[in-house]
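Please keep the sequence and the model in view while reading.

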Amino acid sequence: MRAAAVRTQSRVAASSDLQRVREAAKKDKRARFTALLHHITLQRLRESFYALKRGAAPGVDGVVWKEYLQELDRRLGALHTAVHRGSYRAQPVRRTYIPKTDGTERPLGIAALEDKIVQHAVVTVLNAIYESDFVGISYGFRPGRSQHDALDAVAFGIEKRKINWVVDADFRKFFDTLDRRWLQRFMAHRIGDQRLLRLIGKWLTAGVLEGGQLTQSEVGTPQGAVISPLLANIYLHYVFDLWALRWRRRTARGDMVMVRYADDTFLGFKHREEAERFLAELLERVAQFGLSLHPEKTRLIAFGRFANVWCRRQGQRRAQTFDFLGFTHICGTARSNGWFQLLRVTMAKRMHGKLAEIKQLLRRRLHDRPREVGRWLHKVLQGFYNYHAVPGNLRRLWSMRYRLLYCWWRILRRRSQLRMSWERYFALVRTWLPEPRVLHPYPDARFRATHSR
């Protein structure tokens, strides 16, 4: 009981010290924090360790979570001492690739386990400062904000504001081209602790190990590292967020809606000329900081309550669509009264990519018991529903379930030793493949609940 009380007191002390940092950061927006490394305590490292994913792939050290747990106290003690003495050395990230929906591959950097622990602790400390600085249009990788919050903000802005034009902007290889010198200058506005800045610099310059060969670059941050999302938010806070808010306040004459989730951005405008001007100035703005917009993926489209009418006058069948955070946004019409209605459906590329991934894994599990495969498929399909089951998307989710049902049936038929009737198969389907149902509220309702103003 005494040990439990000590742990509880340490957690209270750890939270109270960061609370003082939050209050100081909120009170003075220009304050520089010169003593932060002492907040990387042994208890905070322990909490960071337990916050990591148990089954994550190992880095270059080959150490996994369960292996590190066996001598946790000794390892964390040595790690804590190394961080505060300055003898801590970051290890290179292991480069791997994950498939994208367009058929290409996304490079992903997997850090060593101890690097993940220290990075998570540093992120916890820095969030106490930067959460008071980050603005409302930023949603990515922030405490208390999710992808669905960003999607709700987009839907609310389109339906409740006078939005007629959308700039679909896409940063080109953002994590690979982020300028570290500018990042250091941005962080220096708030961080004056040189020991903490050197610690972050060690991760940025550790290099990438791929195929046994170590490569280093002077730009970018490894995509997939624990600290990379926070560094990206800091960078875009100064490069994009503050500038875009100032542009809206000083230049825009009509409604303008902005939502950013990491490097994914939605921009809505009432007037076309303002959208064109903003896009032109945005290209110049990001170029000053080493970034660029993808020329083939960045476009200006008519979108909103009058978009279909305008497009028909131009000889087009209907308004174009745009993708944001896994959903295709469509200008639809309500059946009841014919008014404009925003439709959001799962991106076809994402659904097809997920089905191809499941099909490949089903082949690997060809000789597993149907009940074991069914239990696994239930988790996969329910996880897909948990994100995509928004109002208006049920038809596509039913399509996903039907195609998965067909794939599983074809795999089972390849097992010559298993004679399965339709009755038995559909009994498995009813047991293990859940039917889709709406799991998220309408964007208007949730957005008003989270944004009381």
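How many nonpolar, polar and charged residues does the lining of the second largest cavity have? By class, that lining has six nonpolar, no polar and three charged residues.

## Basis of the report

The model is predicted: local features need pLDDT of at least 70, side-chain atom pairs count only at pLDDT 80 or more, and totals for chains, interfaces and linings use all residues. Residues are numbered from 1 along each chain as its sequence is written, and side-chain values use heavy atoms, with hydrogens and water left out.

## Cavities

A cavity is a set of points, on a 1 Å grid over the protein atoms alone, where a 1.4 Å probe fits but cannot get out; lining residues have an atom within 4 Å of a point. Grid points are joined across faces, edges and corners, and a volume is the space filled by probe spheres set on the points. The count comes to two cavities of 30 Å³ or more. The largest cavity has a volume of about 70 Å³. It is lined by 14 residues, of which Val-93, Gln-119, Trp-203, Pro-222 and Ala-225 are the closest to its centre. Two or more lining residues come from each of helix 5 (113–130) and helix 9 (194–204), and helix 9 gives the most, with three residues. Helices (H or I, at least four residues) and strands (E, at least two) are DSSP runs, numbered from the N terminus. The lining of the largest cavity divides into 10 nonpolar, three polar and one charged. Here Ala, Val, Leu, Ile, Met, Phe, Trp, Tyr, Cys and Pro count as nonpolar, Asp, Glu, Lys and Arg as charged, and the others, Gly among them, as polar.

The second largest cavity has a volume of about 40 Å³. Its lining consists of Leu-362, Arg-365, Leu-366, Asp-368, Val-373, Trp-408, Ile-411, Leu-412 and Arg-415. Helix 15 (residues 394–413) gives the most to this lining, with three residues.

## Aromatic contacts

The whole structure contains 30 aromatic pairs. Rings of Phe, Tyr and Trp (its six-membered ring) pair if their centres lie within 6.5 Å; planes under 30 degrees apart count as stacked, over 60 as edge-to-face and the rest as tilted. Phe-141 and Tyr-261 have ring centres 5.6 Å apart and planes at 45°, so this pair is tilted. Because Phe-141 lies in the loop between helix 5 and helix 6 (147–160) and Tyr-261 in strand 6 (residues 256–261), the pair ties together parts that are 120 residues apart in sequence. Phe-141 is partly exposed at 49% relative accessibility, whereas Tyr-261 is buried at 9%. Buried means under 20% relative accessible area, exposed over 50%, and partly exposed in between (1.4 Å probe, protein chains only).

Phe-174 and Tyr-235 form an edge-to-face pair, 6.3 Å centre to centre with 65° between the planes. Phe-174 is in helix 7 (residues 174–177) and Tyr-235 in helix 10 (residues 228–250), so parts 61 residues apart in sequence are tied together. Both Phe-174 and Tyr-235 are buried. Ring pairs also link these two residues into a cluster with Phe-171, Phe-175, Trp-182, Phe-186, Tyr-238 and Phe-289.

## Cysteines

The structure holds zero disulfides (pairs of cysteine sulfur atoms within 2.5 Å). For Cys-311, the nearest cysteine sulfur is that of Cys-331, 7.7 Å away. Cys-311 is buried at 2% relative accessibility, and Cys-407 is buried at 13%.

Technical notes:
1 Å grid on protein atoms, 1.4 Å probe; cavity = no way out; pocket = protein on both sides within 12 Å on 5 of 7 lines; lining within 4 Å.
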